[in-house]
Amino acid sequence: MPREEVSEEDLRALGVDVARDFPGSTAADFRRYPVLSEGGWFIAVKHQKTLESVAREPGPLLGPITLASDGLDVY
Amino acid sequence: MTVSLKDLDDAQFTERYGADRFTATVLSSRMRYIVQHMCTGLLNNAFSLILRDWYDFAATISGPPEQNYPMSSVSNSLAMFLGTMSEAVRNTISEYGPENLRPGDVVICNDPYRAGNHVNDICFIRPVFAGDRLISFVTLRAHQLDMGGVVPAGFSGTKRNVYENGLVIAPTLLYRDDQPIKSAFNLIFDNARYCALLLPDIKTIYANLRLGEQLILESVERYGVEAYLGAIRYSTDVSAEAMRTALAELPDGVYEAEEGIDCDGIDDTIDYRIKVKITKSGPRMELDFSGTSPQARTSINAGILDTKTAVGVALKFLIDPATPFTSGAYRDIDIVLPAGTFISATPPDGAVFLYWESTGPVLLAVFRALEKALGRKAVGGDYGSLNIHNANGVLDDGTPWVTTAQCGGEHGPWGATEAGDADSYSVVYQANNLDPATEAIESELPAVVLRKEYKPDSGGAGTNRGGAAVLKDTLYLTAAEHWSSPLHTKSPSGLGVYGGKSGGLGATWVFHPEDRDVVRRRELLPTTDEVYAGATPVAGMLNPGTKCVDPDGEYFYFASTPVWHTKPHAVFRYLTNGGGGWGNPLERDPERVKKDVRDEYVTVEGAYRDYGVVITGDPVNDPEGLRVDEAATRQRRAELAGR
């Protein structure tokens with residue numbers, strides 16, 4: 001599963017002060033990727049060493065699944 | 001900093017959960033009582049064999065949309081259903097629209113990609129309203145005997161896509177104002193076989209949803225809505241905290257493992273492999289399945305939600321077995337799983353049916369990966385495949401019959417643990433089912449269960465012994481079509497742990513009447529090696545000459561004949577894999593080995609070979625006269641220890 005790199009600007013926008021919150025780490029220690037957990041799918045930004053999430057936005061209801069009926073507008 | 005539930009003072013607790021600690025605990029317990037009561041009602045009144053004899057259903061309670069549908073309570077039943085149910089309710093109701101619900105509704109969904117499991121496992125979801133307020137959902141997921149598709153009753157690894165697999169039902173209203181919606185029923189009944197059995201089953205399911213609703217509303221009337229909703233949050237928080245505590249006790253690190261199944265239903269050229277990389281840091285865990293084989297070409301696949309279940313069941317087994325399995329158990333666990341693998345199949349080509357065959361190895365991969373981290377707490381592997389047998393035919397008067405998961409190798413051994421020897425006759429770790437009674441099978445089918453027994457020396461040797469493999473013979477009295485699905489025969493699934501040995505390999509054979517007619521001979525099939533030469537191999541690693549199990553032999557492919565057609569008096573023999581042992585077998589008390597020889601779990605030769613215990617006497621004719629030769633045992637164990 002690809003894990004997107006995260007910039008320092010991204011982290012600042014999320015309210016993360018890397019030096020304060022994750023001493024010894026840099027932005028290179030964070031990645032953004034979809035995870036399945038309690039509550040369903042999330043797009044998480046996680047510190048890879050501690051697994052701590054600095055952001056968890058709800059993802060698509062079925063995650064990466066595309067149904068055959070997706071995109072068909074019956075109305 | 002997370003505050004432990006036990007450290008909350010009374011005021012904090014009441015503020016958080018809308019009730020005092022005692023009330024929240026009572027309501028949590030009552031929710032577990034409610035789902036269990038729903039299951040008891042279904043079990044006592046179900047008509048079809050898969051419900052009545054197998055307990056192939058589960059009940060849950062979920063919270064309302066504003067809580068994001070937390071699953072606060074699960075029944076003591078089929079675990080394979082439980083991990084999928086929280087998403088099943090969320091996905092079904094979100095798509096249907098909670099604003100479209102009203103009291104007296106039942107919504108159904110059976111889509112593996114939306115709701116998990118397979119198409120026969122319909123989710124029946126009933127909203128619970130307190131006045132005008134939607135406060136909860138009661139759900140029964142129950143296997144329907146047939147859901148259409150090209151294989152009667154569905155159990156087959158040879159179906160190639162969702163169209164062959166069976167009827168897929170998107171979120172659909174089945175009852176409104178407590179009245180059945182005929183068009184929805186007919187959608188099922190015009191596509192499924194055995195509708196005369198399905199109808200009373202569904203009415204029984206509906207009645208037990210109403211029971212669950214009634215019991216919830218009685219609770220709400222007594223304790224109030226806010227206390228009830230608070231208890232839903234409390235129940236899931238208890239599970240989350242228990243799992244978090246258990247995770248924190250595991251050593252930090254990165255743990256990797258592989259597991260897999262033999263092949264799919266097209267051919268045997270592809271081994272399907274699961275790769276898991278588990279990263280553990282403090283109270284958090286991430287399981288990344290990247291690198292797992294692409295989805296299979298037939299219906300041996302599992303869906304994403306089934307893999308989530310397997311992860312949850314594995315971790316409950318290994319580190320947090322004592323607390324209820326709610327959706328909160330996943331709070332500090334993240335699963336990374338790309339779509340399109342054989343444990344995350346996608347429509348329309350990634351047909352999902354034998355999903356437990358693919359997610360069983362997920363569980364075993366977690367067991368393997370964490371074995372070293374767990375040390376003494378490691379758990380041995382089980383028999384790995386349900387080895388489901390599905391057959392159908394007609395009686396002389398033209399009446400059709402079907403057998404589903406009654407006459408294969410569905411029950412078998414577990415692995416040993418620190419606590420002791422393993423059970424030898426259960427269902428795979430992800431299931432929690434009954435064993436259909438022989439009398440029930442023989443009273444309803446033209447089949448005779450000739451033999452259910454343990455195979456000596458098949459359980460993994462260890463300080464605590466793995467469960468013994470089960471050998472089962474079934475005689476079919478009419479001509480029949482058979483689908484056989486043993487999917488884990490190439491390598492042992494009964495993983496040995498903490499120095500224990502792995503269990504033996506299983507296999508399947510059919511004995512055609514022209515080769516050996518047990519009815520005409522009026523004898524059981526022997527279990528000696530000579531008998532297999534006349535058998536037709538169905539699956540397993542076998543010596544091509546003797547047809548006996550041989551780990552270094554040739555693989556015989558279960559779908560080399562996709563449908564096994566037999567004449568009257570054919571016998572299918574299933575041998576399961578053996579369970580894994582725990583601990584060094586040379587440290588097993590010789591008296592325990594002697595008892596195993598007496599009970600025919602281990603032979604005299606096996607005791608010498610695997611345990612270094614020298615036993616004298618005749619286990620068949622004088623079992624109480626067996627003795628341990630202590631001097632010879634010390635010498636033999638010293639030899640083995642020196643190797």
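A polar contact here is a pair of N or O atoms within 3.5 Å; within protein, one atom must be able to donate a hydrogen and the other to accept it, and residues adjacent in sequence count only if both atoms are side-chain atoms. By that rule, 18 residue pairs are in polar contact across the interface of chain A and chain B, both residues of each pair being at pLDDT 80 or more. The elements giving two or more residues to the side of chain A that touches chain B are β2 (30-37), β3 (40-47) and β4 (53-58) of chain A, where strands are DSSP runs (E, at least two residues) and helices are runs of H or I of at least four, numbered from the N terminus. The most comes from β2(A), with five residues. By class, this side of chain A has 13 nonpolar, seven polar and six charged residues; Ala, Val, Leu, Ile, Met, Phe, Trp, Tyr, Cys and Pro count as nonpolar, Asp, Glu, Lys and Arg as charged, and the others, Gly among them, as polar.

The model is predicted: local features need pLDDT of at least 70 and side-chain atom pairs count only at pLDDT 80 or more, while totals for chains, interfaces and linings use all residues. Residues are numbered from 1 along each chain as its sequence is written, chains are lettered from A and ligands numbered from 1 in the order in which they are written, and side-chain values use heavy atoms, with hydrogens and water left out.

In the contact (heavy atoms within 4.5 Å), 26 residues come from chain A and 34 residues from chain B. The two chains bury about 2400 Å² between them, 56% of it on carbon and sulfur atoms; buried area is the accessible area (1.4 Å probe) lost on putting two parts together, summed over both. Of the area that chain A buries against chain B, 27% is supplied by A:L36, A:E38 and A:L51, more than by any other three residues. Seven salt bridges (a side-chain nitrogen of Lys or Arg within 4 Å of a carboxyl oxygen of Asp or Glu) cross the interface. A:K46 and B:D334 are joined by a salt bridge between their side chains, at 2.7 Å from N to O.

Now to the pockets. On a 1 Å grid over the protein atoms alone, a pocket is an open set of points where a 1.4 Å probe fits, with protein on both sides within 12 Å along at least five of seven lines, and lining residues have an atom within 4 Å of a point. The largest pocket is lined by 34 residues, with B:V313, B:K316, B:F317, B:P321 and B:Y429 nearest its centre. Its lining takes four residues, the largest share, from α10(B).
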